[in-house]
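Dear colleague,

Please find below the structure we discussed, with its sequence.

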Amino acid sequence: MNEQDVMGTLTQVFRDVFDDDDIVLSPSTTAQDVEGWDSQEHVNLVVAAEMRFGIRFRTAELESLHTVGEFARLIHAKLAASA
Amino acid sequence: LPDTLHWLAEHADLSAAIRDAKTVTGEAERLALAASLAGYRRDFTLTGRIDKLAAAGLESERAPPGLHPLRLALLSSHTVDHLLPSIRVAGLYRRLALSLYVTPYGMYRQALLGSDPALEAFAPQVIVLALDAHDSPLQLPLDATEDNVAAAIEKYVDGLRTLWHRARERYSAQVVQQTLVPTAPSVFGGFDGLVPGSPTALLERLNTRIRSVARQDGVLLLDLAWHVAQPGQGDGLGDPVRWHQAKQLVSPIFAPLYGDLVARLAAAVAGLSRKCLVLDLDNTLWGGVIGDDGIDGIRLGQGHPIGEAFASFQAYVSLLGRRGVVLAVCSKNDDAVAQAAFSHPEMVLKRSEIAAFVANWNDKAGNLRQIAAQLNIGLDSLVFVDDNPAERDIVRRELPEVAVPELPEDVALYPACLASAGYFEAVSFTADDAARGRSYAQNEARRAESNIATDMPAYLRSLNMRLVATPVGSQELPRVTQLINKTNQFNLTTRRYTEAQVQNLASDPACVALALRLIDKYGDNGLISVVIARPDPRLPPEELFIDTWLMSCRVLGRQVEEAVLDVVADAAGQRGARALIGQYRSTPRNAMVAEHYPRLGFSTHSTAPVAEPDSTFWRCELNARPSLQHHIEIGQP
């Protein structure tokens with residue numbers, strides 16, 4: 001899966017979690033840009049992404065997930081490492 | 001991916017169905033769609049979307065049709081906000097329109113001991129005290145004595161009871177106490193349990209004490225500590241990463257399961273638990289098809305893994321019956337064949353435990369309606385268990401009120417599946433419950449008896465039965481020998497013979513050796529009975545001794561024996577016999593035929609012609625034979 005595929009799948013995760021098919025993400029998207037992205041939904045995003053991509057974020061990595069780009073890069077790195 | 005709601009049916013595309021439902025106008029219509037989609041297997045994301053679909057409908061003033069409104073407050077020591085959608089959606093599946101209230105994080109004690117105007121305004125009907133072991137843990141040294149531990153537990157439980165009493169006093173709410181999920185890793189290994197002050201032993205003792213006082217105080221349990229120990233019940237529910245990230249005792253992954261545990265309990269409080277378990281027969285209660293395989297061919301009982309698994313499921317069902325769950329049967333079968341299956345020696349579930357028994361060739365939806373009407377309960381009280389996915393689908397579509405668990409393919413998993421589905425969640429267990437199963441069964445027995453008195457002859461006539469008797473020849477020999485060697489129940493003497501021995505008897509012109517077939521309007525039942533009567537040197541030559549008489553239980557209760565006696569008496573008469581002498585040789589398996597000969601009008605034969613223990617002998621004079629009533633035509637081979 002290349003970074004673009006990861007962005008595409010991650011967009012679907014966001015659309016499912018927020019039940020909003022109009023969500024469009026860019027690497028710089030942050031919680032401020034998405035309605036409803038609060039701390040509770042953040043946990044839901046983390047867990048939904050883990051389930052969708054079949055990965056696990058470590059406790060230490062949770063603090064670095066502020067932007068969609070950070071999400072996507074970390075996911076891509078984990079997928080590449082496990083490939 | 002954990003499959004935590006495995007008893008729910010799989011939707012072909014639940015995501016697309018939710019997307020479509022969102023476009024429907026009318027909040028009541030969307031709520032109704034959400035309630036139906038809540039019945040499919042769903043992860044927390046799909047569950048959250050169904051919750052959004054239902055939101056406007058649930059918040060509206062009008063009571064939604066088919067859903068019972070209930071106000072439930074969660075007073076929690078851990079984060080529960082992420083669990084609310086799952087509780088509401090599970091509520092829809094359990095036929096509840098739930099309003100939820102959550103006290104601010106960590107404020108559960110203040111809400112009950114102090115004042116909480118918002119909670120008062122909410123007026124909860126159910127209060128769930130959702131506590132965890134991290135909250136005010138029992139602080140004891142590892143080498144604490146039994147007495148130290150007992151005192152600490154008593155102090156903690158006293159604190160809980162104060163909260164329970166306040167909750168009931170102030171809100172008249174039903175209190176539900178969540179037991180404390182063990183999250184601490186072991187300190188000593190298996191030795192933990194032997195050290196009273198170890199975290200594992202402490203928590204176990206505490207939960208045991210909570211369970212005991214809860215029943216005294218009329219408090220119900222959300223017994224998470226027990227649930228997490230069940231197979232397939234969400235592997236501890238939590239995840240230490242989620243605890244450190246957001247103080248979530250329950251990971252979002254397990255939110256749908258937790259939601260259902262809360263909702264099923266709330267539904268039970270509202271009187272919405274199911275009352276009746278309706279069971280299919282073939283491949284649900286036993287392996288194989290009784291109509292094809294016969295009573296000796298179905299797989300049930302000790303000796304084979306699959307037979308034991310079915311017996312184990314029957315034992316679980318029987319226990320539910322004794323708990324007060326009403327048991328019923330809904331099977332596509334010939335009624336007499338299905339009923340007769342319950343004489344199988346390994347049958348754990350007794351016919352008398354079943355309150356309503358419907359076996360016919362009609363569609364199951366119609367039969368489920370009939371069962372509900374007969375038991376005078378609603379369709380929404382029924383749980384229908386059938387191994388056949390097509391039957392399950394039809395019933396779900398035709399009767400959405402009926403709960404239809406998605407059974408696993410392996411019968412060994414049936415009991416756990418039915419148990420984890422939580423359809424019969426209880427809030428009490430009384431002497432009445434224990435007696436209910438019995439009283440339903442007695443009513444059914446009476447009803448059945450009156451049916452026999454009025455309808456049985458008509459029923460038997462309607463079967464258009466024809467009995468075909470063939471002298472045992474080379475063609476019949478293998479099947480006849482097989483039946484002689486495997487029939488245990490309807491077998492007067494249980495004499496086992498080799499094929500050669502049968503052939504010797506059959507080829508003797510003085511002998512009557514008959515293979516009997518029964519044909520009815522449903523088709524040919526095949527070889528169902530064997531009779532061998534022979535002269536005996538200890539008897540006068542004009543008397544014929546019935547050496548062997550056996551019958552397949554498939555055709556019990558159809559007066560086949562009466563018709564067989566007609567055939568045997570004719571054949572004996574043709575050989576110049578004046579009397580038939582019958583023997584009943586008792587075995588552990590053939591009590592059902594102890595009264596066979598007197599029922600057929602034989603009289604006691606006082607002097608035993610053959611010296612054999614455990615035997616009674618019977619005599620029938622052929623020229624003074626009482627005519628027996630039956631509804632079977634004697635046919636030519």
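A residue is called buried here when its relative accessible area is under 20%, and exposed when that area is over 50%. Please bear in mind throughout that this is a predicted model.

I begin with helix α11 of chain B, which covers residues 255-269. Of its 15 residues, 14 are buried, so α11(B) is largely enclosed by the rest of the structure. The length of this helix was also checked: at 1.5 Å a residue, its 15 residues should span 21 Å, and the C-alpha atoms at its ends are 21 Å apart, which agrees. Just after α11(B), the residue B:G271 adopts a positive phi of about 80°.

Chain A is built from 3 helices and 0 strands, so that its elements, read from the N terminus, follow the order α-α-α.

Within chain A, 49% of the 83 residues count as buried. Of the contacts between residues at least 6 apart in sequence, 53% join residues at least 24 apart. The accessible surface of chain A amounts to about 4300 Å², and carbon and sulfur atoms account for 48% of that area.

As to charge, chain A carries 6 positive and 15 negative side chains. The centres of these two sets lie 10 Å apart.

With kind regards

Technical notes. Residues are numbered from 1 along each chain as its sequence is written. Chains are lettered from A and ligands numbered from 1 in the order in which they are written. This is a predicted model: local features need pLDDT of at least 70, side-chain atom pairs count only at pLDDT 80 or more; totals for chains, interfaces and linings use all residues. Side-chain values use heavy atoms; hydrogens and water are left out. Helices (H or I, at least four residues) and strands (E, at least two) are DSSP runs, numbered from the N terminus. The expected span of a helix is 1.5 Å times one less than its number of residues. Buried means under 20% relative accessible area, exposed over 50%, partly exposed in between (1.4 Å probe, protein chains only). Contact means heavy atoms within 4.5 Å. Accessible areas come from the Shrake-Rupley method with a 1.4 Å probe; for residues, only the protein chains shown count as cover. Lys and Arg count as positive and Asp and Glu as negative; His and the chain ends are not counted. The place of a charge is taken as NZ of Lys, CZ of Arg, CG of Asp or CD of Glu.
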